[in-house]
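Reader: Could you take me through this one slowly, starting with how the strands are put together and then moving on to the ligand?

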Amino acid sequence: MSLAAPDADLLARIERRLGPRGFTTDAQDMAPWLTDWRGRIRGSAAALLSPADVDQVADVVRIAAEARVAIVPQGGNSSMVAGATPPADGNALLLSLRRMRAIRSVSPLDNVVVAEAGVILSDLHDAVAGAGRRFPLSLAAKGSATVGGLISTNAGGTQVLRFGPMRSLVLGIEAVLPDGSRFDGLSALRKDNRGYDLRQLLAGAEGTLGIVTAASLRLVAAIGQRAVAWVGLASPADALALLRRLEEATGEAVESFEIVPADGLDLVLRHIERARQPLAGRHAWNVLIEAVAPAGAADPTEAIGQALGDAIEAGVVEDGVVAANEAQADALWLLREEMSEAERIDGMAAKHDVSVPVSAMPAFMASARTEVEQAFPGVRVLAFGHLGDGNVHFNVRPPVGVEGRPWLETQGEAVSRLVHDLTVAAGGSISAEHGIGQMKRAELERLGPASRLAALRSIKRAFDPLSLFNPGKLVALAPNSGVP
Ligand SMILES: Cc1cc2nc3c(=O)[nH]c(=O)nc-3n(C[C@H](O)[C@H](O)[C@H](O)COP(=O)(O)OP(=O)(O)OC[C@H]3O[C@@H](n4cnc5c(N)ncnc54)[C@H](O)[C@@H]3O)c2cc1C
């Protein structure tokens, strides 16, 4: 059974249910939400729906399901894999959660915040800071990524090293399932062994199993002191050795350990006006380090400074600086957080978000670079990111002077296949944190393994047998059959 286009009656019913603030078919209002963040994929939608509460979401889903009309859930539209961009046929309804942005409660005693799906990550940070707590997940898109999107992509970010990805911070979920029924799972129990964990099935489901409307999220103590450092060193292997040294010196204090190559830093310095050179010299590799302690615990600055001094003496680190104040700390973070933006300004690239076992990453970064540069002479590899998690963004830019879009159209697929083949051969994943969306779907199908794909399809079929939620994303119900 194929999906249907909504007729005028159906749209009118939905408009009546949502009211004028919750419904539009105006091309200008819809335009910003029909293209992915990177501007590579354009979609179309019959209407943009913006429900104000979970009841409205459930009613709209029920109305659409009866007519077999597809729904694409969307948060901040910051997906790196066009996960929230609707199909081009214009038959789907785009359902934005952005109006649902209430913080329902903050409980310092439970260490739990209950936030609606449309709450923007930076607003969540601010809201819980007011209660003396911290939500320990952050990423460069924090000004637009929403709670629902972060859960649905199982987002990573810069604190996975200590706290794990989004799914490890989700204690409860409220969601609407493809038939319009509600899953009321906000209870935030730390222990609950009643069989399959629906919260964890919805985390990372990319909107293909349910629409998240609210979540109970784990909080930790607010930061008392933080030490932020920038170091220059010779290789990713030295960087990994440094991480283990820092852990030995500071226990669990190190939360972020981000690697940036010299040419990546150059890009940020060139394109981001506020960026300033962090060290006197140029180093082949740089690492941003953040170590954190709650109020009342010892300031980690001294321990980090001491450990870096020892690492310089041991020849592991070439140079380093520890921020003397919050402004300096923010200035160092800016160099890492603006990497994606600087890359985007610089031009198009074939992007890959790969993971391999942590200890294998330095060798992988070197050998994959060599193989890609040999196979595609002149290309420029830029690998940066979450070295401590065994995850780098392994991006390949066209040769100097070659325009990005045509290069990507002719060479991009072959480049990505090679990078992904090398990743799989190293025992890794072709999507460490960005998800599959529509941009990596063909590669997921190609690389399998078949048993994994079969399990994914079985789960999808059980929740959404008509493939009404986010068709064309993650996994096809039946491959090569035209069923999305
Ligand atoms: C500059 C930049 C830096 C980034 N850095 C990182 C990073 O370090 N780590 C990382 O993991 N990601 C990163 N991302 C990717 C992106 O921010 C995350 O994937 C984020 O979780 C998406 O949130 P969103 O609200 O924008 O979701 P959207 O982009 O709107 O949607 C993402 C997916 O979730 C689904 N979805 C959205 N809301 C819901 C909902 N309420 N219920 C069900 N499904 C829903 C959509 O259908 C889609 O499949 C970055 C993106 C940018 C632009």
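Author: Two strands pair if DSSP finds at least two bridges between them, and strands themselves are DSSP runs (E, at least two residues), just as helices are runs of H or I with at least four residues, both numbered from the N terminus. This is a predicted model, in which local features need pLDDT of at least 70, side-chain atom pairs count only at pLDDT 80 or more, and totals for chains, interfaces and linings use all residues. Residues are numbered from 1 along each chain as its sequence is written, and side-chain values use heavy atoms, with hydrogens and water left out.

Reader: OK, how many bridges join strand 1 to strand 2, and which way do they run?

Author: Strand 1 and strand 2 run antiparallel and are joined by two bridges, with T24 having L48 as its bridge partner in strand 2.

Reader: And what is the bridge partner of L48 in strand 4?

Author: That partner is L94, and strand 2 (residues 47-49) runs parallel to strand 4, with three bridges between them. Strand 4 also pairs with strand 3 in the parallel sense, over four bridges, and there I71 stands opposite L93.

Reader: So what order do the four strands take in the sheet?

Author: The order is 1-2-4-3, in an open sheet with mixed pairing. Strand 1 (23-24) and strand 3 are at the edges with a single partner strand each, so one side of each has no neighbour in the sheet.

Reader: Switching to the ligand, which residues come nearest?

Author: Of the 35 residues around the ligand, those that come nearest are P73, G75, S78, T146 and G156, where a residue counts as near if one of its heavy atoms lies within 4 Å.

Reader: Which polar atoms lie by the ligand's nitrogen atoms?

Author: Taking a polar contact as a pair of N or O atoms within 3.5 Å, a side-chain N or O atom of S152 is 2.9 Å from a ligand nitrogen, a polar backbone atom of V212 is 2.9 Å from a ligand nitrogen, and a backbone N or O atom of G157 is 3.4 Å from a ligand nitrogen.

Reader: Which element gives the most to the shell?

Author: Helix 5 does, with four residues.

Notes: Polar contact = N/O pair within 3.5 Å; in protein donor to acceptor, adjacent residues only side chain to side chain.
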